[in-house]
Structure formats: structure tokens, C-alpha cells
Amino acid sequence: MSAQTLSPQAETMDQAAHDRAKKRINLRENLQAGEFLLPVILIFVVITIIPFLESFVFSLTDYSGYDFSSAKFVGLENYVTMFKDPTIMAGLGFTLMYAVLTTLIVTIIALPLAVVLNKKFWGHNFARSVFFFLSIPSMALLGLVWQFIVSPLPSGAVNQFLSHFGVSAVPWLSNPDLARGCVIFIAVWATIGWHATLYIAYLQAIPSDLYEQASVDGANGWQQFIHITLPQMTPAIGVSVFMLLTSGLKVYDLPFTLIGGGPGHATYTVTQSIIVTGIGSNRYGLGSALGVVFFLCCLVLVLVQQAVTRAIEKRMA
Amino acid sequence: MGFTYKPVIASVAALALAMPLAACGSSSSSEGSSNGPVTLSFFANNTEDTYKKLVQGFQKKYPNIKIKFSTTSGAQAGYQQTLQTRISGGQLPDVFVAPPEQLGSLVKANAVKDLTNESFMSRIGDENKKESTVNGKVYSMSVTSWTNAFAYNLDLLKKAGYTKDTIPTDWDGFKTMLKKLKAAGVSEPYLEPKGGLGAPVEAWIGYDSSKSKTSIDQQITDKKTTFAKTYGKKYYAKWDELVKEGLLPKTVTGLGDDQVRSEFSSGRLAVMNSGYWDVNTFNQAKLNYTFGPIPMLKKGDTPYAPGSADSGYAISSKISGAKLKAAEKFLDYISSPAGLKAEQDGLGLIPATKNYSAKLDEHFATPYKLYLKPGHVYLNSLGWPINGRSALRAETYSQLAEVVLGQESPMQAAQNLDDKMNTLRS
């Protein structure tokens with residue numbers, strides 16, 4: 001029997017040894033990767049997992065935020081109180097609306113904007129910088145500035161401008177629908193440049209020969225966008241949507257500084273509820289219950305978004 | 001076998017992460033030697049600039065004591081939250097401003113020293129002591145008081161035929177004045193900011209509460225009455241007349257304090273709810289103005305205004321020895337004439353102690369005489385449950401905004417406050 005013709009038994013043993021060796025290599029590689037991941041995992045555990053578990057424990061007590069040793073176990077009482085409080089429920093409605101609408105609008109506008117800014121034209125670097133700079137000031141600061149721009153008074157900047165055309169003062173921040181619109185508009189205005197920059201980075205990684213080949217085949221600009229750019233940008237859209245959704249769900253600073261969550265409860269958010277009803281009122285137990293429920297809601301929403309993105313990526317691949 | 005750097009890098013990175021976290025741990029309060037220099041940490045709810053005069057004056061008098069000042073930027077709620085976080089994290093400042101809303105919790109957490117028998121407390125007025133008292137003991141030293149008052153633009157009032165001496169003191173008279181101002185071409189006779197809607201309501205409740213043993217808000221907390229039976233039926237319903245008669249526009253639900261102040265300073269607004277803290281702004285704007293009465297519900301009602309003792313200064317219960325003595329010296333200096341003058345100049349607060357007569361800006365003479373001197377000030381939230389005052393106060397403004405927008409009646413707004421109160425009691 002020659003060396004080349006092994007018995008089936010020997011072949012199986014050889015394959016098993018090969019698999020074991022491969023597993024050893026994989027394990028070693030995983031351990032090496034783990035060493036590098038350790039600091040990140042540690043940070044995640046310390047600043048996310050432990051506080052979350054702590055919050056869960058707090059949510060079952062009447063902890064006031066001062067001395068946990070004197071806190072009493074109250075079971076699910078805080079969760080019951082939370083669902084009975086109408087202001088908390090009002091906050092949930094606007095938070096979801098804000099997160100979904102800003103995500104949709106920013107994605108719809110930032111993508112074509114990135115395509116335009118990615119082209120070579122006179123002053124394209126300046127144009128990119130202008131859009132990116134909008135995202136540099138904090139949302140809290142933008143809220144304070146825009147408060148004077150969209151003031152419902154005739155002396156407000158926008159109303160003064162409109163008065164030149166004979167338009168009477170528009171109640172920008174004193175009409176619930178307009179106030180919600182203003183908050184969403186400012187958020188879109190401020191974040192669009194940042195997300196367009198993210199898309200530009202991905203756009204520049206698309207091989208140019210794909211477009212050259214499409215041009216030779218007679219595809220116009222729109223067809224190139226739909227059949228080349230969009231599929232190639234799916235991972236970028238996934239990242240952008242994830243970031244927009246998570247930051248949208250925890251929104252607080254912009255509606256608070258712009259309009260204080262009003263008029264009435266029109267722009268009230270869940271985070272504002274946690275701060276005002278929980279922390280600001282020395283009711284850490286209730287605030288923690290809110291935090292726990294909201295964390296779980298966000299988790300579900302983000303997992304759904306991730307699953308949808310993966311499915312789209314697979315289909316586009 | 002070669003030396004592998006990866007575990008070392010990972011360990012160093014983990015250590016680098018752990019070090020700043022370790023720094024978050026509790027620090028022991030060094031007591032300081034009896035003769036050497038002592039450093040006192042002082043945490044306050046205003047900017048370093050406003051406290052500069054007070055701190056410098058104290059350090060000049062006691063060169064061996066250094067004040068390490070810290071503050072929070074932002075509103076009172078932000079200060080309270082930071083103080084709470086510092087206490088729960090074991091970072092209690094040696095001396096700090098203790099807001100009355102928080103004092104009960106601070107005492108419960110054993111964070112503040114009992115000041116009842118300190119010598120400097122003999123200078124403090126009874127009203128201020130009352131608001132710093134928990135279970136019969138005084139835990140903070142409140143040396144100033146605040147009151148609201150309406151600011152009137154006298155040039156605009158003149159257009160409607162009013163002078164400083166004919167400013168109406170009752171609700172109907174006030175509404176008539178606003179109507180006359182509108183007829184005279186003043187498009188914005190009166191505005192309230194969204195975070196201060198219902199400005200005269202507390203004054204009315206203050207007067208009615210003065211006629212009974214316990215305040216109306218305390219009775220609501222004690223379940224002896226409700227928001228609906230008091231606020232809804234009487235006070236909010238009367239205040240809503242402004243909206244119904246077109247004297248308070250819907251725009252107020254979208255206006256911040258600064259925007260209303262800016263309208264008044266620029267001479268467009270005739271009347272606004274204000275206080276001594278606005279004196280410098282109005283003087284700088286060179287307005288012809290005065291601070292006058294808040295209109296009461298009926299003619300002959302004793303004038304009351306929203307107001308209370310200001311937050312007091314507290315000493316940490318965790319310090320002792322030379323540090324404690326230094327902290328006591330600091331409070332002694334704050335309540336001395338030099339300290340009170342520095343507070344008035346720097347912080348724009350009105351001293352209310354037995355040992356000092358405050359010299360106030362002449363524009364504020366009427367409110368001082370009407371409200372602060374006789375102690376006719378009232379703050380509804382002081383009668384509400386300790387763990388929920390700020391949330392309930394924010395809710396009153398949100399509910400009144402719904403009333404202005406026509407989405408709720410005054411009675412529904414008050415009923416919603418009852419619902420909110422029930423969640424606070426549970």
C-alpha cells in the first residue's frame with residue numbers, strides 16, 4: 001500500500017487531528033484577541049453592566065439617593081407608580097417620535113448630500129467643513145441659541161424676517177405641533193453633516209471601476225446610485241441608523257434647553273422624566289425603574305434594527 | 001520563548017482604567033492641625049465670581065484658612081442633583097449651600113451638623129430659622145430672603161393713564177389696566193415665562209393660608225383638601241381669566257425667563273413677574289420702571305408674594321477638629337455685617353438678619369416694605385412632600401401651559417396635579 005492511498009480509518013484520524021489543531025489555533029487566536037479586548041470589556045462591565053445591575057436593585061427599593069443602607073425593599077411598587085404617572089407616558093410618546101423621525105430624515109438627506117459633497121467641485125472642502133461644523137456645538141447650546149431664533153414673539157429672529165413679507169408672528173414654540181417640528185428640525189440640521197461625513201468615508205472606499213463599467217454599459221447617475229452606491233453603502237447606513245436611533249432615544253438636552261419639554265408636555269422626553277421625577281425628586285428607586293424599563297425598550301429596538309440591517313445587507317450582497 | 005507584550009499592554013490598559021475609577025472613591029476628611037493652615041471645601045449654587053468678595057473678605061480676615069470653592073453651572077435643580085451625587089459618593093463638602101427642599105433628606109442622611117446652639121445663629125431671623133428647621137433643630141444658616149414682585153414699565157403705564165402711585169392692587173383693577181394698555185397700543189402688556197406661569201397664584205394662596213393654622217398646600221399633602229377643590233375651583237380659575245380675556249397670549253407657553261426679561265428690558269413689555277435679582281439688568285437698560293405689588297384677588301386682601309428664606313449654609317457632619325472650627329468661623333463671617341454686605345453686592349440677595357439693615361436699590365422699596373419686612377411671603381412647594389417638590393412644581397407649569405393652549409380647563413389641570421400628588425405619596 002502506498003503512502004498516497006490511506007485507509008478510510010487513517011483518513012478520519014488525520015482529519016480529526018487536523019480539526020483539533022485548527023481548534024487549538026482558533027482558541028489561541030481568540031485568547032490573543034481577548035487580551036486586547038480585555039480593557040474594552042472591563043470598561044463595558046464597569047460603566048454599563050454594573051450600573052445597570054445597580055439600577056435594577058435600586059428600582060426595587062425606596063432609595064432616596066443618599067444612604068442606600070436605609071433604603072427599604074418595595075418590590076415592584078416603583079414600576080406600578082411609573083405606569084400610573086401620565087407625564088412619564090407622555091415622555092415616551094415624543095421620545096419614540098423624535099428617535100424615528102430624526103433617524104429617517106437624517107438618513108434620507110445625508111446620503112444624497114454625501115454623494116454631492118463627495119464630488120470634486122470648487123469649494124467642496126469648505127462645503128464639507130460647513131456641514132460638519134454644525135455638529136460640533138452641544139445640543140444644549142444649540143437649544144439656547146435657537147430659542148431666540150424661533151421665539152414665538154414678534155421680536156424672534158425668524159418672525160422678524162417673516163414680517164418683512166407681511167407674515168404675522170408664527171407661534172413656533174408655543175404651538176405643540178410646531179414645537180415638536182422645531183425640535184426635530186434643529187436636531188436634523190445639527191446632525192446631518194456628521195452623518196454625511198460618515199457616508200463620505202464609505203463612499204470613498206467604493207472602487208471607481210464599478211462606476212466606470214456602469215458608465216460604459218450606459219447607466220445614468222440615478223441608476224448608478226440605486227444599483228452601485230446604495231448597496232455598497234448598506235454597512236454605513238447600518239452604522240449611521242444605529243447611532244441615530246440610540247442617540248435619539250436618550251434625547252434630553254435639545255428639547256429641554258429649547259422649550260423645557262413643553263409647551264405642556266409636547267416635547268417631554270423619557271430622560272427628562274428620569275431626571276425630574278426620579279433623580280431631581282430624590283426618588284432614585286423610581287428613576288432607576290424608569291431607567292431599567294427604558295434600557296430594555298432600547299435594547300429591543302436596537303436588536304430589531306440590527307436584525308433588519310443584517311437582513312438587508314445579506315440581500316444586497 | 002520570546003517575551004510577549006500583549007498581556008503587559010492589556011494589564012497596563014486595565015490599570016489605567018482602574019486608576020481614575022479608584023479616584024472616585026470616598027476621601028477621608030483631613031482634620032488639619034490646630035495651628036497649621038486649613039483648607040475648607042465650599043460648594044455653592046452660584047458662580048465663583050459672585051462669591052469672590054465674600055471668600056476674599058474671609059481669607060483676608062483668616063489668612064490661615066483657605067477656601068476651595070466649587071459650584072455647578074446651571075439651575076438650582078442641577079445643584080441639588082450634584083450635591084446629592086457628591087453625598088452618595090462620599091464626597092461631602094465641608095461647607096455647602098443646603099436648599100430647603102433638600103434639607104430633610106440631608107438630615108435623614110446624617111450629612112449636616114446641628115447648628116441650633118451656635119453663637120452666630122442668634123443673628124438669624126425667626127422666619128429664616130423656621131425654614132432651616134427639621135425636627136426642632138436648625139441645620140442650616142439662612143441669612144437672606146427673596147421675594148417676587150411685579151416690575152412695571154412706568155413709561156408704558158403712562159400711556160394708559162397710570163402712575164407709580166395708581167398701580168392697581170387687586171385682580172380686577174389689574175385686568176382693567178392691562179386692557180387699557182392694550183387699547184393704548186401696548187401689544188404686550190403682560191407676559192409670564194413658561195417656567196413661571198400662574199405668577200400671582202402663590203400670592204393669593206399665601207394670603208388665604210395666613211388665615212388658617214396650616215397652609216393650603218400642607219392641607220393638600222395631608223389629604224384634608226385637594227388641588228381641584230382649591231387651585232382648580234378658585235385660584236387657577238381666576239388666573240385663567242387673563243387667557244380668556246385675551247390678556248395673556250398663547251405665546252407665553254414657548255417663552256423662557258430670559259426672553260420675557262429681554263422684552264421688558266427693551267421697553268416693549270409693560271408688566272412682568274420679577275425680583276431683586278433683575279435690578280442691575282433693568283438699571284443698565286436705563287428703564288423708567290418700578291417694582292410694585294402683585295395684585296391680590298380682592299381689594300383689601302393683605303399683600304403677599306411668592307418668596308421664602310434663601311437656601312442656608314450648612315456644615316458637614318463628617319468634619320471635626322481644626323476643620324470644624326474653621327467652618328464655624330466661615331459661617332460666623334458670612335452672618336457678620338461685612339459678610340452680609342459682600343453677599344448682597346456679589347449675589348444680589350437681600351440680607352434678612354437681626355444685626356444688619358440692608359440698603360436696597362430704591363426701585364425695590366415697595367416690595368421690601370410690603371413682603372419682606374412683615375414676612376408676607378409664601379412658597380407653595382414648601383407644603384408639598386419633600387421627595388417630589390421639584391417634579392410637582394414643574395408639573396404645575398406644564399398643566400398651566402395646557403390651560404393657556406386651551407387643551408385643559410383649570411379644573412382638569414388641578415385634577416391632574418392631584419393625580420401627580422398621588423404618585424408622589426405612593
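Start with chain A and colour its two assigned domains: domain 1 covers 1-59 and domain 2 covers 85-316. These bounds come from an automatic or database domain assignment. The model is predicted, so local features need pLDDT of at least 70 and side-chain atom pairs count only at pLDDT 80 or more, while totals for chains, interfaces and linings use all residues. Residues are numbered from 1 along each chain as its sequence is written, chains are lettered from A in the order in which they are written, and side-chain values use heavy atoms, without hydrogens and water.

**Stop 1: between the domains of chain A**

The C-alpha centres of domain 1 and domain 2 of chain A lie 39 Å apart. Five residues of domain 1 and six residues of domain 2 make the contact (heavy atoms within 4.5 Å). Together the two domains of chain A bury about 510 Å². Buried area is the accessible area (1.4 Å probe) that two parts lose on being put together, summed over both. Carbon and sulfur atoms account for 84% of it.

Now select F52(A), F58(A) and S59(A). These three supply 75% of the area that domain 1 of chain A buries against domain 2 of chain A.

How many salt bridges are there between domain 1 of chain A and domain 2 of chain A? The count is zero. A salt bridge needs a side-chain nitrogen of Lys or Arg within 4 Å of a carboxyl oxygen of Asp or Glu.

**Stop 2: salt bridges in chain B**

Over all chains, the structure holds 19 salt bridges. Select K53(B) and D345(B): their closest N and O atoms are 2.9 Å apart. K53(B) lies in helix 2 (residues 48-61) and D345(B) in helix 14 (residues 337-347) of chain B, so the pair ties together parts 292 residues apart in sequence. Helices are DSSP runs (H or I, at least four residues), numbered from the N terminus.

K53(B) is partly exposed, at 45% relative accessibility. For this label, buried means under 20% relative accessible area, exposed over 50%, and partly exposed in between (1.4 Å probe, protein chains only).

Next, pick R393(B) and E202(B). Their side chains form a salt bridge at 2.8 Å, N to O. Are they buried or exposed? Both R393(B) and E202(B) are buried.

**Stop 3: along helix 10**

Show helix 10 (residues 227-244) of chain B, where K238(B) and E241(B) sit three residues apart, about one turn of the helix.

How values were computed
Helix = DSSP H or I, 4+ residues; strand = E, 2+ residues; numbered from the N terminus.
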